[in-house]
Amino acid sequence: MTTQQIIDLEAKYIVPTYRRPPFVLDRGDGVYLYDTEGKAYLDFVSGIAVNALGYGDTELLDTLQSQSQKLWHVSNLYHTMPHVQLARSLCENSFADRVFFCNSGGESVEAALKFARKWARETHGEGKTEFVAFSGSFHGRTMGALAVTAREKYQAPFAPLMPGARFAPFNDADAAVEAITPATCAVIVEPVQGEGGVHEAGAEFLRALRQRCDEQGALLIFDEVQCGLGRTGTLWAHEPSGVTPDIMTLAKPLGGGLPIGATLVTEAVAQAIQPGDHGSTFAAGPLACAVAHALFERVRKPAFLAHVREVGSYLGARLRALAAESPVVTEVRGRGLIWGLELTVPANDIVAAGFEAGLLTVPAGEKVLRLVPPLVIEKEHVDELIARLGPILIETGET
Ligand SMILES: Cc1ncc(COP(=O)(O)O)c(C=O)c1O
């Protein structure tokens with residue numbers, strides 16, 4: 001099929017939930033993607049913070065191949081080994097005692113919401129069913145996750161949503177304290193908001209949430225679907241705050257590109273859950289879990305995380321220098337390898353200019369350009385980014 005034929009067939013047969021640029025991606029190698037015409041793109045999106053190890057990582061490939069020859073799927077009706085190995089490693093390297101596996105970020109949030117409701121009912125009785133979430137949040141597009149996602153545009157067409165969700169301003173500890181009441185079963189927050197424009201939750205804010213949740217007998221849920229698993233230069237984005245949650249949601253990079261999500265919980269939360277309370281046909285499949293285990297063992301290594309911090313701070317410095325020269329960049333925010341450039345022009349325009357220049361970037365809201373490259377990029381890739389993005393950001397807005 002030609003590039004145009006693929007695009008035409010997509011327009012005819014695919015439900016139009018996404019707008020896509022006029023090229024077709026065909027293969028990946030390292031931190032580059034190639035389209036069907038052979039054009040190379042430096043990838044600063046990594047499948048929206050998914051492909052942490054880039055493309056063609058030999059260890060992930062070996063794991064995928066050997067597990068695929070043994071077993072792909074048997075359902076959760078039976079014992080298998082890969083999900084146990086992965087769960088043990090996730091627990092040994094986090095606050096958590098147990099893990100529920102699923103297939104996506106949205107599902108990991110759904111499980112978190114259901115577990116919180118069940119825990120509250122078992123522990124405190126009826127009437128403790130509310131969730132507190134924050135302005136700028138994004139937790140997914142399934143009905144429960146959407147209800148705690150502060151985006152009118154995403155919510156309005158699908159009302160009525162799950163009842164019991166209320167919102168407080170992000171990073172406003174006083175407002176949060178007021179919003180968390182005896183009716184609250186859980187508070188959900190991203191330690192670094194991704195889709196909302198790359199905004200970090202302050203350590204004081206997270207500490208205030210923890211304290212108020214404890215006072216009101218509510219659970220604290222950290223959504224680390226986008227910011228977790230090394231993205232910020234520590235294994236968990238919440239680490240520098242010193243605050244730990246009762247539940248944490250993971251997905252995106254966990255499967256190295258295969259669909260897998262996880263909801264990590266404390267023993268107290270897990271004790272409220274019985275067989276039959278929740279489940280999923282595909283979840284915890286041996287193939288995705290074997291690959292995820294290989295990915296996690298790599299990403300959690302101190303040297304790997306040190307690399308993310310080192311390249312990340314180099315990227316931050318180069319972005320700040322670029323912003324000083326650009327008429328359209330008003331702020332540079334980020335940590336590790338998640339960065340947002342606040343713009344005076346639509347981020348989509350910059351993303352489109354990037355395509356022309358052989359560069360993939362992604363908006364986070366209308367006027368924030370987001371950079372979430374594979375975690376294995378080197379400084380030379382940062383230099384290449386600046387060489388491609390610099391002229392766009394400097395020339396845009398100049399007349
Ligand atoms: C913080 C956060 N939570 C949840 C989700 C939903 O994940 P998924 O698209 O895999 O359902 C996303 C996706 O962008 C996210 O960034």
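## Two domains

In this predicted model, the centres of domain 1 and domain 2, taken over C-alpha atoms, are separated by 26 Å. Domain 1 covers 3-57 + 302-395 of the protein chain and domain 2 covers 71-299, with bounds from an automatic or database domain assignment. Residues are numbered from 1 along each chain as its sequence is written. Because the model is predicted, local features need pLDDT of at least 70 and side-chain atom pairs count only at pLDDT 80 or more, while totals for chains, interfaces and linings use all residues.

## Where the domains meet

Contact here means C-beta atoms, placed from the backbone, within 7 Å. By that rule, 25 residues of domain 1 touch 24 residues of domain 2. On the domain 1 side, helix H12 (302-325) gives the most, with five residues. This side has 14 nonpolar, seven polar and four charged residues. Here Ala, Val, Leu, Ile, Met, Phe, Trp, Tyr, Cys and Pro count as nonpolar, Asp, Glu, Lys and Arg as charged, and the others, Gly among them, as polar. Helices (H or I, at least four residues) and strands (E, at least two) are DSSP runs, numbered from the N terminus.

## Around the ligand

Now to the ligand: of the 14 residues around it, Gly-105, Gly-106, Gly-140, Val-225 and Gln-226 come nearest; a residue is near if its C-beta atom, placed from the backbone, lies within 6 Å. Helix H5 (residues 105-124) gives the most to this shell, with three residues. By class, the shell has four nonpolar, seven polar and three charged residues.

Note on methods:
Two residues are in contact if their C-beta atoms, placed from the backbone, lie within 7 Å.
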